[in-house]
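Subject: Structure handover

Hi,

Here is the structure I promised to pass on.

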Amino acid sequence: MDVDLRLVRYFTVVAEHGNFGRAATRLHLAQPSLSRQIQRLEAQLGVRLFDRSPQGSSLTAAGRAFLPRALMLLQEAEQAARTARAAVQPRTVIVGCAEGLVITACVQELRRRHPDAQVRTRHVDWRDTRALAEGRVDALVAYRPLPFPADGLRVSDLHEESRVLVTSARHHLANQSTVSPRDLSDEELLPCVSTPVVWSTPRPVGDRPAPPPPAIDDSYEDKLELIATGHCVAIFPAGDRRAAVREDIALVPVVDIDPCEVVLVTRADDPNPLLGSLEDVARAVLGTASRREDDGLPVG
């Protein structure tokens, strides 16, 4: 039987989330398309894998039996692919970059040190938790906390990064040179469990009622709208400058708060010889950029 590994991966994501809608969002697919793909897999296997209901999707007995084998199948296929790539392309590395981080200088220095190597980059959405496991990147520069388990991965500390308050330009703290957590005592601050961002609970503004808090499926731009309209504030890593392009949003350095940690994540068993050099370059270049930013110097 020829089983499409892409369909097997879709099955494991639906099983993980227990909901076709959330799984479709994670996979960047339309929900009807994902449902059809799962039906194709069920037709190939000749069994029903999910019981579907308005409350979500649960594994059938066949689905529960298939899941551990499916996960093993994907892992073995990726290990085989990595082994093949290491044998014929030892001079290639794909460096992933999590949202809010800029690794241009790091990649340029790696290319300078290894002019014969193929160094590629790939932006990784924080919800894309399997980019490393599935081999779509060989390394990932990211903030702690990681949005995925670190089992089977090597996590190397690169540097620490200060934090900034992201707020409406009309907020009473927007023109301060610095703020501290004491200045935010009237805000109900809620740290994210899978990113270093801290959000405040939305509050009413004038006669406008408080909107719902940011949802996991909201885009970055959706969440910035809550800040720009004054309904909430957030604390971001200082290196995340995406909000700086908006004139209706202000960034204020935060003092007396723990810094963010930037790390390099690789697969523990990856034989790629470029990864050691990447770690040296990332620690030197990104750490230098962080120190320059703390000193108020341009980093670009």
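A word on the ground rules. This is a predicted model, with local features needing pLDDT of at least 70 and side-chain atom pairs counting only at pLDDT 80 or more, while totals for chains, interfaces and linings use all residues. Residues are numbered from 1 along each chain as its sequence is written, and side-chain values use heavy atoms, with hydrogens and water left out.

Pockets

The search runs on a 1 Å grid over the protein atoms alone; a pocket is an open set of points where a 1.4 Å probe fits, with protein on both sides within 12 Å along at least five of seven lines, and a lining residue has an atom within 4 Å of a point. Volumes are the space filled by probe spheres set on the points, which are joined across faces, edges and corners.

The largest pocket holds about 1000 Å³ of space. Its lining has 40 residues, and Arg 26, Thr 129, Arg 130, Ala 133 and Glu 134 lie nearest the centre. Helix 1 (5–17), helix 2 (20–27) and helix 4 (61–88) are the elements that give two or more residues to this lining; helix 4 supplies the largest share, 10 residues. (Helices are DSSP runs of H or I with at least four residues, strands are runs of E with at least two, and both are numbered from the N terminus.) By class, the lining of the largest pocket has 17 nonpolar, 8 polar and 15 charged residues. Here Ala, Val, Leu, Ile, Met, Phe, Trp, Tyr, Cys and Pro count as nonpolar, Asp, Glu, Lys and Arg as charged, and the others, Gly among them, as polar.

The second largest pocket comes to about 700 Å³. Of its 37 lining residues, Trp 126, Cys 192, Thr 195, Trp 199 and Lys 223 are the closest to the centre. Strand 5 gives the largest share of this lining, 3 residues. The classes here are 24 nonpolar, 5 polar and 8 charged.

Aromatic rings

Rings of Phe, Tyr and Trp (its six-membered ring) pair if their centres lie within 6.5 Å, with planes under 30 degrees apart called stacked, over 60 edge-to-face and the rest tilted. That gives 5 aromatic pairs. In one of them, Phe 11 and Phe 66 have ring centres 5.1 Å apart and planes at 45°, so the pair is tilted. Phe 11 sits in helix 1 and Phe 66 in helix 4, so this pair ties together parts 55 residues apart in sequence. Phe 11 is buried at 0% relative accessibility, and Phe 66 is buried at 18%. (Buried is under 20% relative accessible area, exposed over 50%, partly exposed in between, with a 1.4 Å probe and protein chains only.)

Phe 20 and Phe 50 have ring centres 5.8 Å apart and planes at 75°, so that pair is edge-to-face. Phe 20 is in helix 2 and Phe 50 in strand 1 (residues 50–53), 30 residues apart. Phe 11, Phe 20, Phe 50 and Phe 66 form one aromatic cluster.

Helix 5

Which residues of helix 5 (residues 104–113) are buried? They are Cys 106, Val 107, Glu 109 and Leu 110. Down the helix axis these fall within an arc of 160°, so they line one face of helix 5; the arc is taken from the directions from the axis to the C-beta atoms. Gln 108 and Arg 112 are exposed on the other side.

Cheers
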